[in-house]
Amino acid sequence: MNVSLVLIIVMAVLFACGVYAMLERSLTRVLIGFLLLGNATNLLLLIVMGEPGVAPFFGAAASVDDMSDPLPQALTLTAIVITFAVSAFLLALIYRSWQLGQADTVTDDEADLEVRERGPEDEETMDEETEIEAVDDDATTDFVGTDTAPITILGTRDFAGLRDDAPVDQPDAGRRENGDDA
């Protein structure tokens, strides 16, 4: 298998430019970076595919070694579809951002500024809070069977007008309705 060095260099440049463009604040540049990454991925799959061969149909080639590998072709088609879908989503996001703010640049909000201004003391305080939560998980997450449960489940016994015809996971209930008492 003889892979062209030019293809490998072009693929590496596409990956590098795509990552660099995705790190920008402009959504349009993020879209361009994502498209570059998608094309670089397709080129990578083309390089991995190896030498071209006969179409992989039964009886098309004398031996299996003469056929091309269909897996990279299927992965390339999948990568094209994923790139198209995410690009359509990013285009809709850019359009909506332009409608709302007449700019496609992502700005810092209050939470980002607070994180940036946080010092080492605040980080240690947050680590201590995480340790407390790890020790006492049941106190904050398990509401089942307690008086402070946020959800109350109602049944037919609670209200006379409520009809509960949901399927039941008890296998014996179906036999009793049919008259079988086995």
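Met11 is found in helix 1 of this predicted model, where helices (H or I, at least four residues) and strands (E, at least two) are DSSP runs numbered from the N terminus. At 13% relative accessibility, Met11 counts as buried; buried denotes under 20% relative accessible area, exposed over 50%, and partly exposed in between, with a 1.4 Å probe and protein chains only. Not counting residues up to four places away in sequence, Met11 touches Ala40, Leu43, Leu44 and Ile47, contact being defined as heavy atoms within 4.5 Å. The C-alpha atoms of Met11 and Leu37 are 9.2 Å apart in space, and the two residues are 26 residues apart in sequence.

Residues are numbered from 1 along each chain as its sequence is written. Because the model is predicted, local features need pLDDT of at least 70 and side-chain atom pairs count only at pLDDT 80 or more, whereas totals for chains, interfaces and linings use all residues; side-chain values use heavy atoms, with hydrogens and water left out.

Two packed helices are described by the angle between their axes and the distance between the axes. Helix 1 (residues 5-22) and helix 2 (residues 27-49) pack at an angle of about 155°, and their axes are 7 Å apart. The axes are lines fitted to C-alpha atoms, for helices over the stretch in contact, and angles run from 0 to 180 degrees between N-to-C directions. Helix 1 and helix 2 are therefore roughly antiparallel to each other (angles under 35 degrees count as roughly parallel, over 145 as roughly antiparallel, 65 to 115 as roughly perpendicular and the rest as oblique). The crossing of the two helices is left-handed, that is, the near helix is turned anticlockwise from the far one by less than a right angle. Helix 1 contributes to this contact through residues including Leu7, Met11, Leu14, Phe15 and Met22, and helix 2 through residues including Arg29, Phe34, Leu37, Leu44 and Ile47. The residues of the contact divide into 18 nonpolar, four polar and one charged; Ala, Val, Leu, Ile, Met, Phe, Trp, Tyr, Cys and Pro count as nonpolar, Asp, Glu, Lys and Arg as charged, and the others, Gly among them, as polar.

The loop between helix 1 and helix 2 contains Leu23 and Ser26. Leu23 is exposed, at 67% relative accessibility, whereas Ser26 is buried, at 14%. The C-alpha atoms of Leu23 and Gly33, which are ten residues apart along the chain, are separated by 8.4 Å. Ser26 is in contact with Asp104 and Thr105 when residues up to four places away in sequence are not counted.

One salt bridge was counted, the criterion being a side-chain nitrogen of Lys or Arg within 4 Å of a carboxyl oxygen of Asp or Glu. This salt bridge joins Glu24 and Arg29, with the closest N and O atoms 3.6 Å apart. Glu24 is partly exposed, with a relative accessible area of 26%, and Arg29 is likewise partly exposed, at 48%.

Ser87 is located in helix 3 (residues 70-101) and is buried at 9% relative accessibility. With neighbours within four places in sequence left aside, Ser87 contacts Leu31, Phe34 and Leu35.

The secondary structure of the protein comprises seven helices and zero strands. Of the 182 residues, 15% count as buried. Among contacts between residues at least 6 apart in sequence, 52% join residues at least 24 apart.
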